[in-house]
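Here is my note on this structure, point by point. Please keep the sequence and the 3D view open while you read.

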Amino acid sequence: MSDVFLPKDQRVSRELVLEEPAAVIQFSDLFGNDHPVELEIGIGKGLFITRSAINQPDTNFIGIEIRRKYLNMARARVEKRPLANTRLICGEALGFLEGYVADNSLSVIHVYYPDPWPKKRHHKRRLFGEAFMAQVHRVLKPGGWLLIATDHAGYWEHIQEVLQNQTYLESGERLPEDPQGASGLTNFAIKYQQEGRESYRTGYRKPVV
Ligand SMILES: C[S@@+](CC[C@H](N)C(=O)[O-])C[C@H]1O[C@@H](n2cnc3c(N)ncnc32)[C@H](O)[C@@H]1O
């Protein structure tokens, strides 16, 4: 990975502000090319998406993050580099998929360390559920991947249940990839590695029909 920094006066906004009412985004218009598009949900401070975008210049990356504070940190990380293949959205992932993403348009969806919402009364806030899986299936290209990592045993059990109870995607041999070798997948992956905490990881694939 070669990391290049832009002088301040050459930096441009990589934030994509979603229009209301919702309308499907043509990714080829957004990026000006037909390269494959990967989505990362819950990018936090943006380490994974930044490294991935640097390492894979012929892939386009969209990152969505619900919290403005983290989105701004991720923006700072992305925008100081010449990453024309990256767009960041401040918003909620399920609503984004439902309103703005075309059928069969994403090659990978990355979900790393999603909020586990451990209290029973908060379980309804969890991302993984029937509605999410239906959208994932709709927006992934045939052969596209859903890649997941979590450190939370209770949420891992729930995710596995959701994955086993759906018939859209099949379990695959691919796992979330670390874009920079041993140093960790995301900010949370690095933190948990340093604490010696286990991560659970899996990959599911939309069948090629
Ligand atoms: C535990 S953090 C993990 C951040 C990052 N993926 C990492 O591994 O370092 C989960 C992130 O997902 C964001 N998030 C939670 N629910 C979301 C949703 N429905 N849509 C978009 N972002 C969400 C949170 O604000 C938070 O930044």
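1. Start with Arg121, in the loop between S4 and H5. Helices (H or I, at least four residues) and strands (E, at least two) are DSSP runs, numbered from the N terminus. Arg121 counts as exposed, at 56% relative accessibility. The cut-offs are these: buried means under 20% relative accessible area, exposed over 50%, and partly exposed in between (1.4 Å probe, protein chains only).

2. A word on the source. This is a predicted model, in which local features need pLDDT of at least 70, side-chain atom pairs count only at pLDDT 80 or more, and totals for chains, interfaces and linings use all residues. Residues are numbered from 1 along each chain as its sequence is written, and side-chain values use heavy atoms, with hydrogens and water left out.

3. Next, Gln135 in helix H5. Is Gln135 buried or exposed? Gln135 counts as buried, at 14% relative accessibility. Its side chain and that of Arg138 are joined by a polar contact of 2.8 Å. A polar contact is a pair of N or O atoms within 3.5 Å; within protein, one must be able to donate a hydrogen and the other to accept it, and residues adjacent in sequence count only if both atoms are side-chain atoms. Setting aside neighbours within four places in sequence, Gln135 is in contact (heavy atoms within 4.5 Å) with Leu94, Leu97 and Glu98.

4. Turn to H4. Its buried residues are Ala93, Leu94, Phe96, Leu97 and Tyr100. They pack against S1, S2, strand S3 (86-90), S4 and helix H5 (130-139). Look also at the start of H4: a side-chain oxygen of Glu92 comes to within 3.0 Å of the backbone nitrogen of Leu94.

5. Aromatic pairs come next. The structure holds seven of them. Why does the pair of Phe96 and Tyr100 count as stacked? The ring centres of Phe96 and Tyr100 are 6.0 Å apart and the planes are at 20 degrees, so the pair is stacked. The rule: rings of Phe, Tyr and Trp (its six-membered ring) pair if their centres lie within 6.5 Å; planes under 30 degrees apart count as stacked, over 60 as edge-to-face and the rest as tilted. Phe96 and Tyr100 are separated by about one helical turn because they are four residues apart in helix H4. Phe96 is buried, with a relative accessible area of 2%. Tyr100 also counts as buried, at 6%.

6. Compare the pair in helix H7. The rings of Phe188 and Tyr192 have their planes at 70 degrees and their centres 5.7 Å apart, so this pair is edge-to-face. Phe188 and Tyr192 are four residues apart in H7, and therefore about one helical turn separates them. Phe188 counts as partly exposed, at 41% relative accessibility, whereas Tyr192 counts as buried, at 7%. Together with Tyr113, Phe188 and Tyr192 form one aromatic cluster.

7. H2 is largely enclosed by the rest of the structure, because eight of its nine residues are buried. Among the buried ones are Leu47, Phe48, Arg51 and Ser52. The buried residues of H2 pack against S1, S2, helix H3 (68-79), S3, S4 and H7. Take Ser52, which lies in this helix. Ser52 has a relative accessible area of 1%. Its side chain reaches the backbone oxygen of Phe48 at 2.8 Å. Beyond its neighbours within four places in sequence, Ser52 is in contact with Phe61 and Pro179.

8. Last, the largest pocket. About 870 Å³ of space lies in it. Of its 34 lining residues, Gly42, Glu65, Ile66, Pro114 and Asp115 are the closest to its centre. A pocket, on a 1 Å grid over the protein atoms alone, is an open set of points where a 1.4 Å probe fits, with protein on both sides within 12 Å along at least five of seven lines; lining residues have an atom within 4 Å of a point. Which element gives the largest share of the lining? H7 does, with three residues.

Methods:
Grid points are joined across faces, edges and corners, and a volume is the space filled by probe spheres set on the points.
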